[in-house]
Amino acid sequence: MISHLEPTFTYGDYPTEPLASAVALDADTTEAEALALIQSAWAQAEAFTNRTYRPITAGKCIVKVASPMPFQWPRHPYPAGLSVEVLAGGNWVEHRETYIPDLGLVDLKSHTLYRLTQQGTVAGNAPAPHVIEAVRNLATYQAIQGPVRREFKSQSTGDSGFSRENLMGLMYGSGAGALLASEVRS
């Protein structure tokens, strides 16, 4: 069981599709608003599918587990390499643990605070045409529905995180859920 998890990621550019002008035309809004909604829709699609469609230029996770277990890197695709450090005497010290890049798994020992850092930039998944269409549907739906959406009544002010559960209404209403169903990773 994970007792502490603190992920930090820096992303590269969003995919270039769908076009903001097309969403703006469909939703009768400005291109600037459409672009913002498209970028939000990409983040929502990533949260829903548990896949990353943007490159990850930097990634770090501070993690502690209650019992020995394999920990899976929280973003897919997984980095080719991870540097592993443990907190010892108030300093981060390099540590060797087994990392399986194809599965994104690293074996962690219990009650040790680890800092896992990805090595290099990890390219995002290439979005399939149905993923791009889902993002377009999400952005268009949100633009048409306006700023007050019943799907987000569970969110509080300042809550910028998305979970699959509180995105379900939005995914259903926009039709994006059906398009993204084959992309979902558990």
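**Entry 1: strands 4 and 5.** I began with strand 4 (residues 82–88), which is joined to strand 5 by 4 bridges in an antiparallel run. Ala 88 stands opposite Asn 91 of strand 5. I took strands (E, at least two residues) and helices (H or I, at least four) as DSSP runs, numbered from the N terminus. Two strands pair if DSSP finds at least two bridges between them.

**Entry 2: basis.** I note that this is a predicted model, in which local features need pLDDT of at least 70 and side-chain atom pairs count only at pLDDT 80 or more, while totals for chains, interfaces and linings use all residues. Residues are numbered from 1 along each chain as its sequence is written, and side-chain values use heavy atoms, with hydrogens and water left out.

**Entry 3: overall layout.** I recorded 5 helices and 8 strands in the protein. From the N terminus on, the order of elements is β-α-α-β-β-β-β-β-β-β-α-α-α. Of the 186 residues, 39% count as buried, where buried means under 20% relative accessible area, exposed over 50% and partly exposed in between (1.4 Å probe, protein chains only). I also looked up contacts, defined as heavy atoms within 4.5 Å. Among contacts with a separation of 6 or more, 76% come from residues 24 or more positions apart.

Entry 4: Strand 1 (residues 2–11) runs antiparallel to strand 2 (residues 56–65), and 9 bridges join them. The partner of Glu 6 in strand 2 is Ile 62. Strand 2 also pairs with strand 8 (residues 114–118), over 4 bridges in the antiparallel sense, and there Val 63 stands opposite Tyr 114.

Entry 5: Strand 6 pairs with strand 7 (residues 105–108) over 2 bridges; Ile 100 has Leu 105 as its bridge partner in strand 7.

**Entry 6: helices 1 and 2.** I looked up the axes of helix 1 (residues 20–27) and helix 2 (residues 31–49), which come within 8 Å and cross at roughly 110 degrees. Helix 1 is therefore roughly perpendicular to helix 2. The axes are lines fitted to C-alpha atoms, for helices over the stretch in contact, with angles from 0 to 180 degrees between N-to-C directions; under 35 degrees counts as roughly parallel, over 145 as roughly antiparallel, 65 to 115 as roughly perpendicular and the rest as oblique. Helix 1 contributes Ala 20, Ser 21, Val 23 and Ala 24 to the contact, and helix 2 contributes Glu 31, Ala 34, Leu 35 and Ile 38.

**Entry 7: helix spans.** I checked the 19 residues of helix 2: at 1.5 Å a residue they should span 27 Å, and the end C-alpha atoms are 26 Å apart, which agrees. The expected span is 1.5 Å times one less than the number of residues. Buried residues of helix 2 include Ala 34, Ile 38 and Trp 42. Just after helix 2, Asn 50 takes a positive phi of about 65 degrees. Val 131, Leu 138 and Tyr 141 are among the buried residues of helix 3.
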